[in-house]
Amino acid sequence: MIVRRFLLWARTAPAEARASGAAALAGAYLRSSLSPEDRAEAETALIALIDDPSPLVRRAIAEEMAPSPHTPRNLALGLIADQSDVAALMLAHSPVFTEADLVDAAAVGDLLAQRAVAMRRCLPAGVAAALAEVGGEEALLTLVNNRTAEIPDFSFERMIERCGDNGALREALLERPDLPPGLRQVIASRVSDALAHFVSGCGWLTPERSARLAREATERVAVALAAGGEATDAPAIVEVLRATGRLTPGLMLRSLLSGEPALAEAAFVALSDLPPGRVAALLRDRRGAGLKALCRKAGLPPALELAFVVAILALNARGFDAGAARCGIDRALLREVLAACEAMEGPEADALVALLRRMDAEAARDEARLMADSLADDAAFALLVEADPSFLIELESGDLRDAA
C-alpha cells in the first residue's frame with residue numbers, strides 16, 4: 001500500500017521531491033525488510049521511474065542502486081541506457097553486470113560510458129580488449145591507469161597501434177609493470193620518431209641528422225631494456241626490432257660495446273637460426289673459435305667481422321656475463337675495437353670507424369655529464385661547509401658513530 005501511495009503522489013510532485021522520494025524508495029528496497037508483495041511492488045515502481053521525465057529522479061535511483069549486488073538486473077540495464085551521467089554511475093560501480101553487458105556498453109556507449117567501464121575494479125580481460133579496440137583516447141588512458149584491470153598483451157599492442165601518438169597514454173603504458181618488453185621498445189621507437197620529425201620540421205637539424213639521433217636514442221633504449229629485464233625479454237625486443245627494420249649490425253655492436261650483450265646474443269640467435277645454447281657456447285668461447293662463422297651465419301657484413309670478434313673476445317676476458325659498471329658505451333672496450341679496426345681499408349671500413357668514433361664521442365659526453373654533476377655536488381658541499389663549518393664537524397662525528 002505504501003508503494004501505491006508513493007506512485008500516486010509522484011504523479012503531481014515536483015521533480016526534486018520525486019527524486020528524494022525515489023532515492024528513499026530505492027534505499028528501502030535494498031535495506032529494509034519489506035514483505036514479498038511490497039518488495040515486488042517497489043521493484044515495479046523503480047523500473048517505472050526510470051522513465052521519469054526528470055533526470056534528477058533517474059540519477060537519484062542510480063546513486064542508490066549502483067553499489068549494490070541486489071539491484072534488479074532489468075533496472076540496471078535500463079539505467080545504463082539513460083543519459084551519460086546516469087549510465088556512467090551504474091557502469092562504474094554496479095556488480096550486477098555480466099562481461100557481455102560491459103562489452104556491449106563499451107561498444108555503443110559514449111566517451112563517459114567508456115571511461116566508466118574502464119575504471120571498474122578487477123575489469124575482466126574481455127572487457128579490456130573491447131575497450132582497446134573501440135575506446136576513445138581518454139577511455140584508454142583510464143584503462144591503462146586502472147591497475148586492477150586485466151589487460152591482455154594483444155590489447156596493449158592494439159592501444160599503441162591506435163593511439164600510440166598520445167604522449168599521456170605512452171607514459172601511462174610505460175608505468176605499467178605488466179607491459180611486455182617488446183612493446184616498451186615500440187613506444188621508445190615512436191617517441192624517437194616523433195622527436196625526429198619535430199626537430200627536422202622546425203628546421204633545427206637536417207632530416208638525416210635528426211633521423212640518426214632518433215636511431216641512436218632507440219638503440220640505447222633497446223640495449224638498456226634487454227639488459228635490465230628478464231631472460232626472455234631480449235628475444236621479444238629483438239623480434240620487435242626485426243619486424244620494424246631496426247635490428248641493425250650497429251645496434252648489435254652497441255650492445256656488445258656497452259658491456260650488456262643480452263640483445264646481441266638474442267639477435268645472433270634470431271638471425272643465424274642456430275639454437276640458443278649453441279650461440280651461447282660460441283659467444284663464451286674464450287678462444288674465439290667459430291665467431292667469424294657465427295657472424296657469417298647471422299648475415300653480418302664481412303667488414304664488421306673483426307669489430308665483433310674483438311668486442312666478444314674482450315668481453316670474455318672480463319667475463320662475458322659480468323654486466324657493465326654503468327649504462328652506456330664502455331670506452332675502454334670501444335678503444336680496443338677501434339684500435340683493431342683503424343688498420344682496415346676500404347669504404348666499409350671507413351664507415352665502421354666513423355661509427356665507432358661517434359660512439360666514443362657519445363660516451364665521452366656521458367662521462368663529462370657525470371663528472372660535471374659530481375663537480376657541482378662537490379661545489380655545493382663546499383659552499384655548505386663554508387656557510388656553516390659546524391656542519392662538517394657534525395657530519396664527521398656522525399660518520400664516526402656509524403663506524404663504531
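Q: Which residues of H2 and H3 meet each other?
A: From H2 come Ala22, Leu25, Ala26 and Tyr29, and from H3 come Arg39, Ala42, Glu43, Ala45, Leu46 and Leu49. Keep in mind that this is a predicted model. Sorted by class, the contact of H2 with H3 has eight nonpolar, no polar and two charged residues.

Q: What makes H21 and H22 roughly antiparallel?
A: Helix H21 (residues 331-341) packs on helix H22 (residues 347-387) at an angle of about 160°, with the axes 10 Å apart. The cut-off for roughly antiparallel is over 145 degrees, so H21 and H22 get that label. H21 also passes H22 in a left-handed crossing.

Q: Which residues make the contact between H21 and H22?
A: On the H21 side they are Arg331, Leu334, Arg335, Val337, Leu338 and Cys341. On the H22 side they are Leu352, Val353, Leu356, Arg357, Met359, Asp360, Ala363, Ala364 and Glu367. By class, that is ten nonpolar, no polar and five charged residues.

Q: Why does the pair of phenylalanine 6 and tryptophan 9 count as tilted?
A: First, the rings have to qualify as a pair, with centres within 6.5 Å; these are 5.6 Å centre to centre. Next comes the angle: stacked is under 30 degrees and edge-to-face is over 60. With 40° between the planes, this pair is tilted. The two residues are three apart in helix H1 (residues 2-10), so about one helical turn separates them.

Q: How do you know whether phenylalanine 6 and tryptophan 9 are buried, partly exposed or exposed?
A: Buried means under 20% relative accessible area, and exposed means over 50%. Phenylalanine 6 has 13%, so it is buried. Tryptophan 9 has 37%, so it is partly exposed.

Q: What makes the pair of phenylalanine 268 and phenylalanine 308 edge-to-face?
A: The planes are 80° apart, and the centres are 6.0 Å apart. Anything over 60 degrees counts as edge-to-face, so that's the label for this pair. Phenylalanine 268 sits in helix H17 (residues 262-272) and phenylalanine 308 in helix H20 (residues 305-318), so the pair ties together parts that are 40 residues apart in sequence. Phenylalanine 268 is buried at 0% relative accessible area, and phenylalanine 308 counts as buried at 1%.

Q: What makes the phi of cysteine 122 worth a look?
A: Most residues other than glycine have a negative phi. Cysteine 122 has a positive phi, near 55°, and is not a glycine. Cysteine 122 is in the loop between helix H8 (111-118) and helix H9 (125-134). With the exposed cut-off at over 50%, its 56% relative accessibility makes cysteine 122 exposed.

Q: What about the phi of aspartate 273?
A: Aspartate 273 has a positive phi of about 60° although it is not a glycine. Its place is in the loop between H17 and helix H18 (276-283). At 68% relative accessibility, aspartate 273 counts as exposed.

Q: Why is serine 20 called exposed?
A: Serine 20 has 52% relative accessibility, so it counts as exposed by the over 50% cut-off. Serine 20 is found in helix H2. Serine 20 and leucine 56 are 36 residues apart in sequence, yet 8.9 Å apart in space, C-alpha to C-alpha.

Q: Which residues of H9 are buried, and what do they pack against?
A: The buried residues of H9 are Val127, Ala128, Ala129, Ala130, Leu131 and Ala132. They pack against helix H7 (99-108), H8, helix H10 (137-145) and helix H11 (153-163).

Q: How many helices and strands does the protein chain have?
A: There are 23 helices and zero strands. Of the 404 residues, 43% count as buried.

Key
Residues are numbered from 1 along each chain as its sequence is written. This is a predicted model: local features need pLDDT of at least 70, side-chain atom pairs count only at pLDDT 80 or more; totals for chains, interfaces and linings use all residues. Side-chain values use heavy atoms; hydrogens and water are left out. Axes are lines fitted to C-alpha atoms, for helices over the stretch in contact, and angles run from 0 to 180 degrees between N-to-C directions. Helices (H or I, at least four residues) and strands (E, at least two) are DSSP runs, numbered from the N terminus. Angles under 35 degrees count as roughly parallel, over 145 as roughly antiparallel, 65 to 115 as roughly perpendicular and the rest as oblique. A crossing is left-handed if the near helix is turned anticlockwise from the far one by less than a right angle, and right-handed if clockwise. Contact means heavy atoms within 4.5 Å. Ala, Val, Leu, Ile, Met, Phe, Trp, Tyr, Cys and Pro count as nonpolar, Asp, Glu, Lys and Arg as charged, and the others, Gly among them, as polar. Buried means under 20% relative accessible area, exposed over 50%, partly exposed in between (1.4 Å probe, protein chains only).
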